[in-house]
Number of protein chains: 2
Amino acid sequence: MTDLKTRILGLVAADLTAIESELNRHLSPHLPLVGEVAGHILFSGGKRLRPLLLVLGARLCGYRGDYATTFSVSLEYLHAATLLHDDLVDGSQVRRGKTVAHHIYGPATAVLVGDFLLARALSLAAGTGNIEIIRVVAGITENMSQGEIHQLTRKGDLSLTEDEYRQVIWRKTAVLFEGACQVAALLAGAPANQVAALASYGANLGMAFQMADDLMDYLSDSRELGKTAGADLREGKLTLPVIAALKAAPAKDRQRMAAIIGNPEFTPDDLRDLVGLLARHDGLRYTREKAEDHIRTAKAALEAFAPSDTLDILRDLADYTLSRRA
Amino acid sequence: MTDLKTRILGLVAADLTAIESELNRHLSPHLPLVGEVAGHILFSGGKRLRPLLLVLGARLCGYRGDYATTFSVSLEYLHAATLLHDDLVDGSQVRRGKTVAHHIYGPATAVLVGDFLLARALSLAAGTGNIEIIRVVAGITENMSQGEIHQLTRKGDLSLTEDEYRQVIWRKTAVLFEGACQVAALLAGAPANQVAALASYGANLGMAFQMADDLMDYLSDSRELGKTAGADLREGKLTLPVIAALKAAPAKDRQRMAAIIGNPEFTPDDLRDLVGLLARHDGLRYTREKAEDHIRTAKAALEAFAPSDTLDILRDLADYTLSRRA
């Protein structure tokens, strides 16, 4: 990552600095509590992956105006809003190694500051007057909320299929990656085939990113991920490693897995057992392969563009999405 | 009201029917749970005051297109979204005589369905392509969330001033009334002075409406209001009747009021005492007068328009806002 990071900064350091400053500036005229709570989630070491995609995508398509910053801030506010609400909905304790906002400021504040960030995201978009992009941003918001509702309604349900899982993670994660790329291409006035290609790159990157995340949840210790391994399971979220292993396992192992998954009080030993079963029945390998498929598709989509430094970086960023695991 | 209702229906019954049907239609392609929870709040006997203002305002300004329905649905979704979240934030039990959504479906669902309705509201607005109105809708959303945050941060604080109270109720209530009227005039392409006049009518109506609501909270029994008297107090909300009475009362009565307000376990006798003190120190009369001032201002704003049946109805609707008390 260090090398990639250096190359990224060589190309778009000024854009990323402008985004940090604007993320802060658009909060400051508001109530102090808003700035504090929003800041807690916005400035907690997130990787700014969505702004990065937007800025790199805009550059790839030859856009040089200021709206890449505006929409980066809009999408990052949208992202922060969903994190605030999702942590509350999931009953999460920790994100990126920090206590979640609703434990510090209370659930009421987390709900309302999330609403404010959502509103601010759409207001910033509306301010640009670019109706096509405003529609994209509104559509992202709608999809994300539906993805979260879908996930919530299927909590703990062992019959969740891979197709449903894909629909959920597309909505809750990939749509925002896809949207960042789409906004970038639309800002540049890129031809339709390039808008579609960049959107496909983003969507596939997002799918791979979420699958890698879901894999890491079973493989990482708390230091790496900033949260405890098995967090998804604790929240009743069935992810691809489990879905695939449940499908492949013989009845006896499936029953053992179901028993662990169904027990909200599972022990570290149970979790170790489960990870062993996920490995034995190829849930981990299967998930990794599917994520790799998406990365291949993402990189193939980039072939719609002429070679450039920016293109190389986007390609390497795709590979990095999976190597995060190590 | 019966007579006014008949006249309103004589004028815009078809519009209101279209709105009911669209409110339902825009939910139906989504997850069943969304429709159920959103329906719980949307079809629970609300008066559709905001759509009514929009439809009547559009008619007053001579607009005859379909977007009055679209924006009515958008603003009603926005309103429903804030009710879902506010009931959760306030820890309310009952709204319009029905158990609140978060008690039936759980807080997580209330948060996410609220988010969905918010997103749907902005998506519907974005779909029209009318950038000026999209900005109004986004601005309303932003103001409403800030009003709620402001209210939350000052919960139970006896030093809340009338100015601050006004700012809070403008944001949490009047902005949406103002916005509905503004949208109506903008749709019709009305001249700037009429846009401003109709917006002022809506804003003042909204202020009066909220003041009347805050007054009723101390005067109604649960049957009338669909909630228990003293609900605001129970939620730590200081409203104008209390603010005004606290200011006017001598030290001894102020202390007695402060003691009741500060006690979350206040008894029916305490509440009766408090209402007596609010009356004695003119908190009730003062609030009613301020609401009446706003109604006068609202009606004066209507003078920018030529006489018509619609204008008469808007004028009578303003008076009705206060007579609701009876």
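Trainee: Why does A:His85 count as buried?

Mentor: The cut-off for a buried residue is 20 or more other C-beta atoms within 10 Å. In this predicted model, A:His85 meets that cut-off, so the residue counts as buried, and its number of C-beta neighbours inside 10 Å is 27.

Trainee: Which residues does A:His85 touch, leaving aside those up to four places away in sequence?

Mentor: A:His85 is found in helix H4 of chain A. Its C-alpha atom is separated by 9.2 Å from that of A:Val113, 28 residues apart along the chain. Not counting residues up to four places away in sequence, the residues that A:His85 touches come from both chains: A:Val111, A:Gly114, B:Val111 and B:Asp115.

Trainee: How many residues of chain A are in contact with chain B?

Mentor: Contact here requires C-beta atoms within 7 Å. On the side of chain B, 36 residues take part, and the number of residues of chain A in contact with them is 36.

Trainee: Why can one say that the copies meet through the same surface?

Mentor: One compares the interface residues of chain A with those of chain B. The copies meet through the same surface because the share of the interface residues of chain A that are also interface residues in chain B is 100%.

Trainee: Is B:Ala121 buried or exposed?

Mentor: The place of B:Ala121 is in helix H6 (residues 107-128) of chain B. B:Ala121 touches B:Ser74, B:Tyr77, B:Leu78, B:Ala81 and B:Val137, not counting residues up to four places away in sequence. Its C-alpha atom is separated by 8.3 Å from that of B:Phe71, 50 residues apart along the chain. With 29 other C-beta atoms within 10 Å, B:Ala121 is buried.

Trainee: In chain A, which residues does A:Val137 touch, not counting those up to four places away in sequence?

Mentor: A:Val137 is found in helix H7 (residues 131-153) of chain A. With 28 C-beta neighbours inside 10 Å, A:Val137 counts as buried. Not counting residues up to four places away in sequence, A:Val137 touches A:Ser74, A:Ala121, A:Leu122, A:Ala125 and A:Gly179.

Trainee: Which residues touch the most other members of the largest nonpolar core?

Mentor: That core has 216 residues. A:Ala184 touches, among others, A:Leu54, A:Ala58, A:Cys61 and A:Leu198, not counting residues up to four places away in sequence. The members that touch the most others are A:Ala184 and B:Ala184.

Trainee: Where does A:Arg96 lie?

Mentor: A:Arg96 has a positive phi of about 50° although it is not a glycine. With 14 C-beta neighbours inside 10 Å, A:Arg96 counts as partly exposed. Its place in chain A is the loop between strand E1 (94-95) and strand E2 (98-99).

Trainee: What radius of gyration does chain A have, and does a compact globule have a value near or far from it?

Mentor: Chain A has 16 helices and two strands, and buried residues make up 51% of its 326 residues. With 326 residues, a compact globule would have a radius of gyration near 20 Å. The value for chain A agrees with this, at 20 Å.

Trainee: What ipTM does the predictor give the complex?

Mentor: For chain A, the mean pLDDT is 92, and 96% of its residues reach 70 or more. For the complex, the predictor gives a pTM of 0.94 and an ipTM of 0.93.

Definitions and conventions:
Residues numbered from 1 in each chain as written. Chains lettered and ligands numbered in written order. Predicted model: local features only at pLDDT ≥ 70, side-chain atom pairs only at ≥ 80, totals over all residues. Contact = placed C-beta atoms within 7 Å. Helix = DSSP H or I, 4+ residues; strand = E, 2+ residues; numbered from the N terminus. Buried ≥ 20, exposed ≤ 12 C-beta atoms within 10 Å, placed from the backbone. pLDDT = per-residue confidence, 0-100. Core = buried A, V, L, I, M, F, W, Y, C linked by C-beta atoms within 7 Å. Rg over C-alpha atoms; globule rule 2.2 N^0.38 Å.
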